[in-house]
Amino acid sequence: ATLIPTETPTATQAPTETTAATETPTVVSLPESMMGTEIIPLDELSPGIPWLDVVFPTPRNKYVLFIFRKAVFDDPLVRRALSYAVDQEAISQKFSVPNRPATVITPSEILGRDLYGAVGIHYDPQKAKDLLVEAGFQDPVDFPEIIFLVYPTGDGDSDSNLEIVNAIIEMWREYLGISARIEVNDNLQGFLGQLYEDSYDVALLSWGADYNDPNNFLREPFSTNGSSNVNQYSNSEFDRLVKEAASMQEPADRQALYILAEDVLCEQDPAVIPLFFYHNPDND
């Protein structure tokens, strides 16, 4: 996958990690609050990587990426506050392609469960306000202006990406009193290069499946030193979970670990604000 917020991803090979079964595989029990709706029976999840046959059309996500090179985003309370202020259901209506609101990164077709509202941060503006105060910003005027990087979809006045970003900025202003401004980079290569710079604070991105396994959506873009980790996210518990999951054969145990990894990535120590899942328009 690429970090391009639109269009079709290029295929890559499956990860090279060993997929041999561990001698004593970890058995993970999930709290009831983390049990989403099972949409793919576990006996249809094959051991190893990838664990599903071809999923067509290609599942994709859309999300906001926090950039950890900026000091204010070192604090997970700040990131959680900004996340709780975003209404995923309202945002999903701004996108021109049919989609489903999301609170995690991995599409349900790939994970085998629909975790919307069960894992990750769901819209709660009052909690957003409380967390921002807890982070030390009793007066939002003290919060620095956010620079929001976006690559436009090229639809002119009806540009979906710009509509999404404008809606998020308005939610932050209304519920948190925080100001943000858009920085548009309409050159694709320039946009991709800018992701590695310090010239912005958050970005609107998308990821599409290269192969049909949660490893592609979690470990590659978000593990420490991951091949596509542009925001320098690093969490040792997340790294442990996705590394262990990639080495397992038992689908139920792998799935449970990936759900726990989603909880770390999208709620406990959020690196992203998930928005929605969709399919490539060209494949619909």
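Buried, in this report, means under 20% relative accessible area, exposed means over 50%, and partly exposed lies in between (1.4 Å probe, protein chains only). The model is predicted: local features need pLDDT of at least 70, side-chain atom pairs count only at pLDDT 80 or more, and totals for chains, interfaces and linings use all residues. Residues are numbered from 1 along each chain as its sequence is written, and side-chain values use heavy atoms, with hydrogens and water left out.

**Helix 7**

Helices (H or I, at least four residues) and strands (E, at least two) are DSSP runs, numbered from the N terminus. The buried residues of helix 7 are P214, N215, N216, F217, L218, R219, E220, P221 and F222. Helix 7 is largely enclosed by the rest of the structure, because 9 of its 9 residues are buried. Its cover includes strand 2, helix 3 (108–111), strand 7, helix 8, helix 9 (251–268) and strand 8, where contact means heavy atoms within 4.5 Å.

The N-terminal end of helix 7 is capped by D213, with a side-chain oxygen 2.9 Å from the backbone nitrogen of N215. A polar contact of this kind is a pair of N or O atoms within 3.5 Å; within protein, one must be able to donate a hydrogen and the other to accept it, and residues adjacent in sequence count only if both atoms are side-chain atoms.

**The sheet**

Strands of a sheet pair through backbone hydrogen bonds, either parallel or antiparallel. Here two strands pair if DSSP finds at least two bridges between them. An open sheet of 6 strands runs in the order 3-8-2-7-5-6, and its pairing is mixed. Strand 3 (99–101) and strand 6 (180–184) are the edge strands, each pairing on one side only. From one strand to the next, the twist averages 25°. Axes are lines fitted to C-alpha atoms, for helices over the stretch in contact, and angles run from 0 to 180 degrees between N-to-C directions.

Strand 5 (residues 146–150) pairs with strand 7 (residues 202–208) in the parallel sense, over 2 bridges. The bridge partner of F148 in strand 7 is V202. Helix 7 (residues 214–222) packs on the sheet and touches strand 2 (59–66), strand 7 and strand 8 (272–279), its direction making about 140° with that of strand 7.

**Salt bridges**

A salt bridge is a side-chain nitrogen of Lys or Arg within 4 Å of a carboxyl oxygen of Asp or Glu. The structure holds 8 salt bridges, and the table lists three of them.

| Pair | N to O distance |
|---|---|
| R173 and E170 | 2.5 Å |
| R254 and D213 | 3.0 Å |
| E237 and R240 | 2.8 Å |

R254 counts as buried at 0% relative accessibility, and D213 is buried with a relative accessible area of 0%.

R173 and E170 both lie in helix 5 (residues 160–176), 3 residues apart, or about one turn of the helix. R173 is partly exposed at 45%, and E170 counts as partly exposed at 34%. E237 and R240 are 3 residues apart in helix 8, so about one helical turn separates them. E237 is partly exposed at 35% relative accessibility, as is R240 at 40%. A network of salt bridges links E237, R240 and E244.

**Aromatic pairs**

Rings of Phe, Tyr and Trp (its six-membered ring) pair if their centres lie within 6.5 Å; planes under 30 degrees apart count as stacked, over 60 as edge-to-face and the rest as tilted. By this rule there are 12 aromatic pairs. One of them is F68 with Y233, a tilted pair at 5.6 Å centre to centre and 45° between the planes. F68 is in the loop between strand 2 and helix 1 (76–84), and Y233 is in the loop between helix 7 and helix 8 (236–247), 165 residues apart. F68 counts as buried at 15% relative accessibility, and Y233 at 1%. Y233 also forms an edge-to-face pair with F238, at 6.0 Å centre to centre and 75° between the planes. F68, Y233 and F238 form one aromatic cluster.

**R79**

R79 is in helix 1 and counts as buried at 2% relative accessibility. Its side chain reaches the backbone oxygen of D74 at 3.3 Å. Not counting residues up to four places away in sequence, R79 touches F66, F68, F73, D74, D269, P270 and A271.
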